[in-house]
Amino acid sequence: MSKNVIVTGGAGFIGANFVYFMLNKHPDYKIVCVDCLTYAGNMSTLADAMKNPNFKFYKTNICDREGIYEIFENEKPDIVVNFAAESHVDRSIENPEVFLQTNILGTQVMMDACRKYGIERYHQVSTDEVYGDLPLDRPDLFFTEETPIHTSSPYSSSKAGADLLVLAYHRTYGLPVSISRCSNNYGPYHFPEKLIPLMIANALNDKPLPVYGKGENIRDWLYVEDHCKAIDLVIHNGRVGEVYNIGGHNEMANIDIVKLICKKLGKPESLITYVADRKGHDMRYAIDPTKIHSELGWLPETKFADGIDKTIDWYLNNREWWETIISGEYRDYYEKMYGNRG
Ligand code: NAD
Ligand code: TYD
């Protein structure tokens with residue numbers, strides 16, 4: 001049966017991948033993207049979607065209550081998937097305020113609209129970072145859905161605040177919600193301020209590769225399409241009021257990722273520059289995905305070896321996309337964040 005799906009943050013990395021995934025997987029659905037186009041949102045990413053009659057775009061901030069209510073009145077969504085967020089930990093350390101506004105208050109506006117107009121499902125796209133971090137010397141430990149919330153950065157705190165609000169709207173108002181908490185994604189359209197695309201872009205330009213601290217921090221990397229598949233399963237078959245962890249047991253230390261990128265691009269490891277560590281830097285993230293596997297049959301399909309090749313190829317074949325980004329206001333950001341970090 002055809003459905004109307006609102007996707008917020010669809011001009012960003014994961015949201016855009018989700019828009020394309022849904023247009024392809026559910027050709028009878030109408031996908032309505034709501035995005036205010038912050039520095040991280042990019043219309044060129046959605047150029048192909050704009051040609052699809054089942055896709056519609058609204059340039060609206062999720063904190064703009066009137067604007068959001070009007071969209072709900074026009075579009076009558078069945079499902080709302082909230083990706084819109086400030087997503088970069090380093091930026092949250094510099095300026096937490098907009099993180100609280102968008103990530104918490106924006107979530108509230110979206111859920112108020114859902115209550116007012118009625119929906120089948122509100123899905124909150126959250127992160128494994130709400131669980132804090134795990135020590136490097138305990139590889140036996142993983143985040144489950146029962147792991148206590150214990151955040152480190154303004155970013156993760158704002159995401160945790162939103163998660164608690166989502167669960168409160170379920171319990172208090174009976175809003176049919178679900179939450180997914182995913183590990184680090186990588187793939188096409190990843191903004192070049194994040195580890196993997198930043199290292200690819202810098203390596204291709206023979207620029208220093210800034211590794212924080214000793215580079216021993218571990219992340220659990222998942223190819224973005226596998227995340228999209230998991231969300232599609234949760235919004236259709238996941239239980240209301242539940243949290244689902246998403247991750248593929250693919251833990252890697254940052255330094256190993258950077259060395260791998262050098263090798264794949266034929267660049268010397270001498271480009272690697274160790275810089276001052278991130279404040280409050282989380283050591284290790286690792287997801288236990290047993291629940292989503294056993295309840296919904298989800299398993300990651302793309303192995304890291306294949307996913308990283310596909311990702312590097314994408315950055316090689318889409319130079320204009322990221323070169324336009326790094327030649328704009330991003331240059332000032334880069335200078336500010338990395339200029340005196342050494
Ligand atoms: P991104 O920064 O690439 O994109 C965010 C998008 O949201 C942009 O298009 C931006 O314009 C839009 N946006 C920001 N503030 C907005 C507002 N107030 N109103 C409307 N639109 C707004 O982020 P991403 O990496 O694609 O992450 C998407 C979601 O997934 C976020 O909620 C993030 O917390 C979560 N997440 C990300 C990862 C990851 O590895 N990137 C992992 C787990 C969860
Ligand atoms: P990032 O991509 O910002 O994701 P997150 O912090 O949300 O996991 O960073 C991934 C890891 O890479 C993290 O441990 C910080 C590290 N990192 C660097 O070493 N250098 C960099 O320039 C960046 C952006 C990140």
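How do the residues of the shell around ligand 1 divide into nonpolar, polar and charged? Here are my notes on that and on one helix.

1. The model is predicted: local features need pLDDT of at least 70 and side-chain atom pairs pLDDT 80 or more, while totals for chains, interfaces and linings use all residues. Residues are numbered from 1 along each chain as its sequence is written, chains are lettered from A and ligands numbered from 1 in the order in which they are written, and side-chain values use heavy atoms, without hydrogens and water.

2. To the opening question: the shell holds 13 nonpolar, 13 polar and two charged residues, with Ala, Val, Leu, Ile, Met, Phe, Trp, Tyr, Cys and Pro counted as nonpolar, Asp, Glu, Lys and Arg as charged, and the others, Gly among them, as polar. In total 28 residues surround ligand 1 (a heavy atom within 4 Å).

3. Have a look at the backbone around ligand 1. A polar backbone atom of isoleucine 14 is 2.7 Å from a ligand oxygen, and a backbone N or O of threonine 38 is 3.0 Å from a ligand oxygen. The protein covers 97% of the 840 Å² of accessible area that ligand 1 has on its own (Shrake-Rupley method, 1.4 Å probe).

4. Now helix α7 (residues 195–204), where nine of ten residues are buried (under 20% relative accessible area, 1.4 Å probe, protein chains only); helices are DSSP runs of H or I, at least four residues, numbered from the N terminus. Alanine 201 sits in α7 and counts as buried because its relative accessibility is 4%.

Key
Buried < 20%, exposed > 50% of the residue type's maximum accessible area, 1.4 Å probe, protein only. Helix = DSSP H or I, 4+ residues; strand = E, 2+ residues; numbered from the N terminus. Polar contact = N/O pair within 3.5 Å; in protein donor to acceptor, adjacent residues only side chain to side chain.
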